[in-house]
Amino acid sequence: MVIHQFANIRRQLQLSNTFWDDSTTHGLVDIVAADMRDGIVNDRAGRTIVNFSSYSYLGLDSDPRIIAGAHRGLDETATINSSISRMRIRLSLLEEAEQRLSLTFGAQAVTVSSCAAAAWATLPLLASGEFTDGHPPLVVFDKNAHFCLNAMKPLVADETELVTIDHNDIEALEQLCRKHSHVAYIADGVYSTGGGAPLDELHRLQDQYGLFLYFDEAHGISTLGRRGRGYVLGGYDGWRDRTLIIASLNKGFGASGGVIFFGPPGDDSRKPTLLRTSGPLMWSQRINTAGLGAIVASCDLHDDGTVDRLQIDLRERVRLFNSLVDTDLAGDGLPIRFVDIGREDTTVAVAKDMLDAGFYTSPVFFPIIRRGSAGLRLMLRADLEPNTIRRFADTLTASLAAHRDREELPA
Ligand SMILES: *Cc1c(COP(=O)(O)O)cnc(C)c1O
């Protein structure tokens, strides 16, 4: 039996331990907050830290209307979880949440406990040929596809043939489409390290060769697209066949759980299959009633134009940030910025400078990204004060300059 075809956990641990230990020593992890309203962390040590690393791009995580929705979910059902498989008996609140998601996003939706669980539920099924007329497709992963997708590779490879291609490598993908009758491409809509999938090109391959497109929209939904429909669905005029989209409801959407968009609105034909084969996800794990109530409330904010307005606020913050700090991909319109530093020790030192000044940033490093290309991942929020962004930029520029003077960084 061949081992380590897709991962080598022990080696990964050895490589990343030093960096985690270093981050721990400098107080960059294990921060405990009494509360984190509006992206402000009030920690146990009495510090007030502005979170420049929050996935809640629109600030919906502490929106009082969503919190009220969570209360409603609990109050109306008088339970936190329905402890029976949803296949057998389910709460009407679960139905309501899924119907609302289907209407808001213009695509038939089923919920699961997280985006990672959505990957777990769908990728092996896709590999089995269930979505491609019974023919197991050649499954092609983008090299930068999210961890939760990559983690499914052993299960996918047990069903069908699998290859990994370079990031956004349309030419390689087209060659595979020419050679194989059934191909499925696995990608993030928006990548957590920046940039997006080349949608126009991918749709061309879909139209030309019948390519099946599978997108992880964890970062895209709510944050981008008309009515918050996301990077992929936001550009659709109706549903596109041979598409499946998974997303997190824990990030920009401001609620809880994950969702699978699997067909045109109103068409539930695939739902039983999606649920029946996904084993543990259908036992007792699902979005709890507070989360379901929050989903309905967040759908209201998507439908009534609130999310469109917050997107405008966010874009203004991103533009301001881009005018102050130079980063790769600065024109991509996304709220995720990566400050490339290179050395891991310097990355930790800069993050420590930022934290001392009251700003939390995430140092990222192998295995999240390539070895030797460490840096700070920053996420902007619609509710950041412009002056806070200016202070942040000044502090970052000064810290980078200080480390450059110490010759830890190239000029
Ligand atoms: C955060 C993230 C996930 C995981 O989402 P969960 O809901 O936490 O499981 C999946 N994909 C991408 C691209 C992400 O950034």
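Visitor: How is the lining of the largest cavity divided by class into nonpolar, polar and charged residues?

Guide: The model is a predicted one. The lining of the largest cavity includes Ile-80, Leu-91 and Leu-94, as well as Asn-81, Ser-82 and Arg-286. Ile-287, Asn-288, Thr-289 and Leu-292 also belong to the lining. Sorted by class, the lining has five nonpolar, four polar and one charged residues.

Visitor: How many cavities of 30 Å³ or more are there, and what is the volume of the largest cavity?

Guide: Rolling a probe the size of a water molecule over the atoms shows where empty space is left. The count of cavities of 30 Å³ or more comes to one. The largest cavity has a volume of about 40 Å³.

Visitor: How are helix α2 and helix α11 oriented to each other, oblique or roughly parallel?

Guide: Helix α2 covers residues 64-77 and helix α11 covers residues 289-303. Their axes come within 6 Å and cross at roughly 135 degrees, and the crossing is right-handed. An angle counts as roughly antiparallel if it is over 145 degrees and as roughly perpendicular from 65 to 115. The two helices, α2 and α11, are therefore oblique.

Visitor: How do the residues of the contact of α2 with α11 divide by class?

Guide: On the α2 side, the contact is made by Arg-65, Ile-66, Gly-69, Ala-70, Arg-72, Gly-73, Leu-74 and Thr-77. From α11 come residues including Thr-289, Ala-290, Gly-293 and Leu-301. The residues of this contact divide into eight nonpolar, six polar and two charged.

Visitor: Are α7 and α8 roughly parallel or roughly antiparallel?

Guide: Helix α7 (residues 170-179) packs against helix α8 (residues 199-209) at an angle of about 10 degrees, and their axes are 11 Å apart. Angles under 35 degrees count as roughly parallel. Therefore α7 and α8 are roughly parallel.

Visitor: Which residues of α8 are met by α7?

Guide: The contact of α7 with α8 has six nonpolar, one polar and four charged residues.

Visitor: At what angle do α1 and α13 pack, and is their crossing left-handed or right-handed?

Guide: Helix α1 spans residues 9-25 and helix α13 spans residues 344-356, with their axes 10 Å apart. The angle between them is about 25 degrees, which means that α1 is roughly parallel to α13. The crossing of α1 and α13 is right-handed.

Visitor: Which residues of α13 meet α1?

Guide: By class, the contact of α1 with α13 has two nonpolar, two polar and three charged residues. Phe-19, Asp-22 and Ser-23 are the α1 residues in this contact. In α13 they meet Glu-344, Asp-345, Thr-347 and Val-348.

Visitor: Where does Arg-227 lie, and what is its phi?

Guide: Arg-227 lies in the loop between β8 (212-216) and α9 (230-233). Although Arg-227 is not a glycine, its phi is positive, at about 55 degrees.

Visitor: Where does His-4 lie?

Guide: His-4 is a residue other than glycine with a positive phi, near 55 degrees. Its place in the chain is the segment before α1.

Key
Residues are numbered from 1 along each chain as its sequence is written. This is a predicted model: local features need pLDDT of at least 70, side-chain atom pairs count only at pLDDT 80 or more; totals for chains, interfaces and linings use all residues. Side-chain values use heavy atoms; hydrogens and water are left out. Axes are lines fitted to C-alpha atoms, for helices over the stretch in contact, and angles run from 0 to 180 degrees between N-to-C directions. Helices (H or I, at least four residues) and strands (E, at least two) are DSSP runs, numbered from the N terminus. Ala, Val, Leu, Ile, Met, Phe, Trp, Tyr, Cys and Pro count as nonpolar, Asp, Glu, Lys and Arg as charged, and the others, Gly among them, as polar. On a 1 Å grid over the protein atoms alone, a cavity is a set of points where a 1.4 Å probe fits but cannot get out, and a pocket is an open set with protein on both sides within 12 Å along at least five of seven lines; lining residues have an atom within 4 Å of a point. Grid points are joined across faces, edges and corners, and a volume is the space filled by probe spheres set on the points. A crossing is left-handed if the near helix is turned anticlockwise from the far one by less than a right angle, and right-handed if clockwise. Contact means heavy atoms within 4.5 Å.
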